[in-house]
Amino acid sequence: MKKLILLTLSLLSITTASHAQGLKDIVGRHCLVGAALNQWQSAGKMAIVDTIVNRHFNSAVAENCMKSEQLQPAEGVFDFRQADLFVDYCEQHHLTPIGHCLVWHSQAPAWLFAGQPSREQLIRRIENHIRTVVGRYRGRIHGWDVVNEAIEDDGSMRRSPLYDIIGEDFIEIAFRAAHEADPDAELYYNDYSMAIPAKREAVCRLIRNLKSKGIRIDGVGMQSHVGLDSPDLVEYERSIDSFAAENVKVMITELDMNVLPNPWQFGGAAVEQNFEYQQKLNPYTEQLPAAKAREAEKRYMDFFQLFYKHRQQISRITFWGISDADSWLNNWPINGRTNYPLPFDRQYNEKPLVKKIIDLYNH
Ligand code: G3I
């Protein structure tokens with residue numbers, strides 16, 4: 001009897017201890033774990049977020065305030081106020097800061113592609129942006145999403161102004177400039193829908209091409225904006241293995257889960273697409289039904305089983321936001337919906353998912 005009591009108490013203490021510990025204590029044994037912060041959160045204006053960050057995260061990324069439209073709204077005019085607050089916040093809260101993102105066709109300031117720039121002019125604009133931004137945070141930013149979303153789902157190069165004006169080598173030009181500006185920073189390529197075989201192969205070719213030219217690339221970001229039915233887990237795992245086989249770190253960089261009906265089976269995260277709002281596509285305005293919440297939690301754990309299995313290859317897991325209330329998925333691909341994509345609810349309460357992840361990693 002005495003042994004049974006002692007065993008029960010010890011099990012209780014382990015369970016309590018493991019939940020008293022946060023994601024950063026348990027998952028953090030294997031990788032960086034964090035979230036994207038919006039500018040109010042990284043300005044320290046949300047005490048509830050500070051509490052969550054201090055308990056669960058050892059890393060953070062700026063959701064928007066380090067994108068080129070925010071940092072250089074006019075040519076040669078830089079606005080670092082929000083980005084400085086983000087980096088300061090990370091240092092105050094012992095978060096490894098990740099820079100997102102240096103070169104992206106979206107959320108770029110209008111002037112960047114204006115005036116029909118020549119190849120040389122656009123290269124100079126890109127290089128000046130990268131050198132100024134990366135140079136400012138030299139030694140403070142752990143790693144940069146150097147290029148974001150340059151490849152289409154079919155594996156072809158996205159026909160953005162970057163590609164059309166400079167050519168495919170805009171990617172290596174960006175990586176070289178970032179490395180020159182901060183030789184110690186890690187450098188990443190980041191994209192969505194990375195479980196698609198054609199895209200996976202194109203990204204592997206990109207990695208090999210950069211490496212063949214002696215250009216530093218440390219990791220690949222699988223954004224992982226997932227749904228209840230996509231991507232296929234077998235293909236997703238093949239991508240983890242394929243990127244790891246290229247001797248780069250694999251990162252889960254923008255993890256969230258759309259639990260709402262997907263209009264016409266639209267996938268990916270190409271923000272330029274939007275659909276007219278329809279009631280049938282916004283069914284859970286009051287709360288998520290228990291059965292759907294269980295389905296979403298099970299689906300999340302399917303991914304975390306993979307992340308745990310590949311914990312030697314995965315160097316970072318970042319949720320794309322903290323609370324359901326903050327998620328871009330409330331407004332994409334349809335504005336004004338009520339989605340439930342993240343590990344904390346609209347009142348910033350921890351969902352049961354968080355403890356399940358901790359228990360999984362607390363083997
Ligand atoms: O800052 C303006 C504000 O002044 C204005 O009043 C308001 C209303 O229009 O818009 C605000 O800008 C919004 C910005 O987020 C900051 O909140 C933009 O409209 C809105 O389009 C923008 O959305 C962001 C989106 O990227 C833009 O592409 C999302 O918050 C952000 O989560 C999302 O993140 C991207 C990653 O960077 C790359 N991977 C895909 C991911 C999802 O699209």
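This is a predicted model: local features need pLDDT of at least 70, side-chain atom pairs count only at pLDDT 80 or more; totals for chains, interfaces and linings use all residues.
Let me begin with E350, which counts as partly exposed at 25% relative accessibility, where buried means under 20% relative accessible area, exposed means over 50% and partly exposed is in between, with a 1.4 Å probe and protein chains only. Residues are numbered from 1 along each chain as its sequence is written, and side-chain values use heavy atoms, with hydrogens and water left out.

E350 forms a salt bridge with R55, the closest N and O atoms being 3.9 Å apart; by salt bridge I mean a side-chain nitrogen of Lys or Arg within 4 Å of a carboxyl oxygen of Asp or Glu. This pair links distant parts of the chain, 295 residues apart, with R55 in helix α3 (residues 47–56) and E350 in the loop between β9 and α12.

How many salt bridges does the structure hold? There are 25 of them, and as background, side chains of opposite charge can pair when their charged atoms come close. One lies within helix α6, where the side chains of R131 and E127 meet at 3.8 Å, N to O; these two are four residues apart in α6 (residues 119–136) and therefore separated by about one helical turn. On the general point, an α-helix has 3.6 residues a turn, so residues three or four places apart point the same way. R131 is partly exposed, at 41% relative accessibility. There is also a network of salt bridges linking D88, E91 and R140.

K356 is partly exposed, with a relative accessible area of 39%, whereas E297 is among the buried residues of α11.

Helix α11 covers residues 290–309, 20 residues in all, and reaches 28 Å from its first C-alpha to its last, close to the 28 Å expected at 1.5 Å a residue, where the expected span is 1.5 Å times one less than the number of residues. Its buried residues include Y300, F303, F304 and F307, and what covers the buried residues of α11 includes α10 (233–245), β8 (249–258) and β9 (314–319).

What forms one aromatic cluster here? The members are Y236, Y300, F303, F304, F307 and F319. Rings of Phe, Tyr and Trp (its six-membered ring) pair if their centres lie within 6.5 Å, with planes under 30 degrees apart counted as stacked, over 60 as edge-to-face and the rest as tilted. By this rule the count comes to eleven aromatic pairs. The rings of Y236 and F303 have their centres 5.1 Å apart and their planes at 85°, so they are edge-to-face; the pair connects helix α10 with helix α11 across 67 residues. Y236 is buried at 3% relative accessibility, and F303 is buried at 0%. F303 and F307 have ring centres 6.4 Å apart and planes at 45°, so that pair is tilted, and the two are four residues apart in α11, which means about one helical turn between them.

Strand β8 holds T253, which is buried, with a relative accessible area of 2%. Its side chain makes a polar contact with the side chain of N190 at 2.7 Å, a polar contact being a pair of N or O atoms within 3.5 Å, where within protein one must be able to donate a hydrogen and the other to accept it, and residues adjacent in sequence count only if both atoms are side-chain atoms. The backbone nitrogen of Q223 lies 3.4 Å from a polar atom of the T253 side chain.

Lastly, the charged end of K199 sits over the ring of Y192, 4.0 Å from its centre, and R346 lies over the face of Y340, at 5.0 Å from the ring centre; here the rule is that NZ of Lys or CZ of Arg is within 6 Å of the ring centre and within 35 degrees of the ring normal.

Terms used: Contact means heavy atoms within 4.5 Å.
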